[in-house]
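Visitor: Can you walk me through this one? I'd like to go from the overall picture down to a few side chains.

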Amino acid sequence: MLTKRIIACLDCDAGRVVKGTRFLDLRDAGDPAELARAHAESGADEVVLLDIAATHQGRGTLLDSVRRTARQLFVPFTVGGGIRSLEDAARTFDAGADKIAINSAAVRHPELIGHIAERFGSQAVVLAIDAKLSRTGHRPVPHSPVPHNSGYDVYVTGGRVATGFDAVAWARQAEELGAGEILLTSMDRDGTRSGFDCALTSAVERAVSIPVIASGGAGSVGHFVEVFRDGHADAALAASIFHFGVQHIGELKSELQRANVPVRFPC
């Protein structure tokens with residue numbers, strides 16, 4: 001069995017790490033470079049930095065924050081937020097990212113997934129999906145081989161705008177277009193520490209053959225065990241429980257190992 005990855009997430013606004021609940025009520029959590037280094041030293045397998053205000057504010061990623069953070073890291077580093085073109089992606093890679101995450105721009109211009117994958121490789125393209133339980137029907141995802149009826153809507157612009165796309169169908173289409181990984185965030189669970197949405201994670205995992213990162217709701221070791229066993233996630237991402245000292249990553253991995261979840265420890 002492949003080892004499961006533990007990923008630390010840095011949601012950034014104006015160059016600072018912030019964290020809220022269900023994408024609202026943000027509070028300051030610290031400096032991204034300092035937190036990234038601390039999380040990597042604690043045992044994080046990867047670090048993700050998301051400039052959560054870039055798309056809403058109509059600007060590009062704050063590349064200075066990316067550069068400062070990249071200099072502190074010795075683990076894979078993914079960056080998202082404000083990446084709208086192949087040129088934006090190239091600048092982000094040049095600033096130190098190993099992978100880029102795209103969300104809003106991919107929904108509006110799906111061909112961007114393929115353009116970035118063709119130039120930098122599918123392994124460097126992460127499709128970020130912000131999903132929320134649906135209260136309405138879905139409009140078809142163009143050319144998707146998956147029926148649009150999972151019950152989860154895709155949101156863009158930092159969770160502000162509903163697309164009408166079905167999350168599972170969109171994940172499958174993104175894989176067809178060249179995405180190498182799915183970063184799947186449950187907006188309903190985000191920041192609640194009530195557990196990952198295993199039903200959502202499992203539905204996406206069954207629809208695609210690329211790795212799925214579960215995000216939103218981490219609050220205890222048990223939640224990680226559940227999302228790996230029941231949600232079949234390849235990786236699990238958390239933010240606030242790491243930032244605010246609720247859970248040490250090394251201790252989390254030890255507990256996961258005792259629960260027979262395979263994880264990677266430093267050599």
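Visitor: How much of the protein is buried?
Guide: Of the 267 residues in the protein, 60% are buried. Buried here means under 20% relative accessible area, with exposed over 50% and partly exposed in between (1.4 Å probe, protein chains only). This is a predicted model, where local features need pLDDT of at least 70 and side-chain atom pairs count only at pLDDT 80 or more, while totals for chains, interfaces and linings use all residues. Residues are numbered from 1 along each chain as its sequence is written, and side-chain values use heavy atoms, leaving out hydrogens and water.

Visitor: OK, so how confident is the prediction?
Guide: The average pLDDT for the protein is 89, and 87% of the residues score at least 70. That score is the predictor's confidence in each residue, from 0 to 100.

Visitor: Where is confidence lowest, and where is it highest?
Guide: Strand β3 (residues 24-30) has the lowest, with a mean of 64, and strand β11 (residues 212-215) has the highest, at 98.

Visitor: How many helices and strands are there?
Guide: The protein has 10 helices and 12 strands. Helices (H or I, at least four residues) and strands (E, at least two) are DSSP runs, numbered from the N terminus.

Visitor: Let's pick a helix. Which residues of α2 are buried?
Guide: In α2 they are Leu63, Ser65, Val66, Thr69 and Ala70. Seen down the axis of α2, these buried residues fall within an arc of 155°, so they line one face of the helix. The arc is taken from the directions from the helix axis to the C-beta atoms.

Visitor: And what do they pack against?
Guide: The buried residues of α2 pack against β1 (5-13), α1 (32-42), β4 (46-51), β5 (77-80) and α3.

Visitor: Switching to charges: how many salt bridges?
Guide: The count is 13 salt bridges, each a side-chain nitrogen of Lys or Arg within 4 Å of a carboxyl oxygen of Asp or Glu.

Visitor: Why can arginine 68 and aspartate 64 pair up along the helix?
Guide: They are 4 residues apart in helix α2 (residues 63-70), so about one helical turn separates them. In general, an α-helix has 3.6 residues a turn, so residues three or four places apart point the same way. Arginine 68 is partly exposed, at 25% relative accessibility.

Visitor: What about arginine 91 and aspartate 88?
Guide: Their side chains meet in a salt bridge, 2.6 Å from N to O. Both sit in helix α3 (residues 86-94), 3 residues apart, about one turn of the helix. Arginine 91 is partly exposed at 44%, whereas aspartate 88 is buried at 16%.

Visitor: And lysine 99 with glutamate 181?
Guide: That salt bridge is 3.0 Å from N to O. Lysine 99 lies in strand β6 (residues 99-102) and glutamate 181 in strand β10 (residues 181-186), so the pair ties together parts that are 82 residues apart in sequence.

Visitor: Are those two buried or exposed?
Guide: Lysine 99 is buried, at 11% relative accessible area, and glutamate 181 is buried too, at 4%. Salt bridges that share partners join Arg5, Glu46, Lys99 and Glu181 into one network.

Note on methods
Contact means heavy atoms within 4.5 Å.
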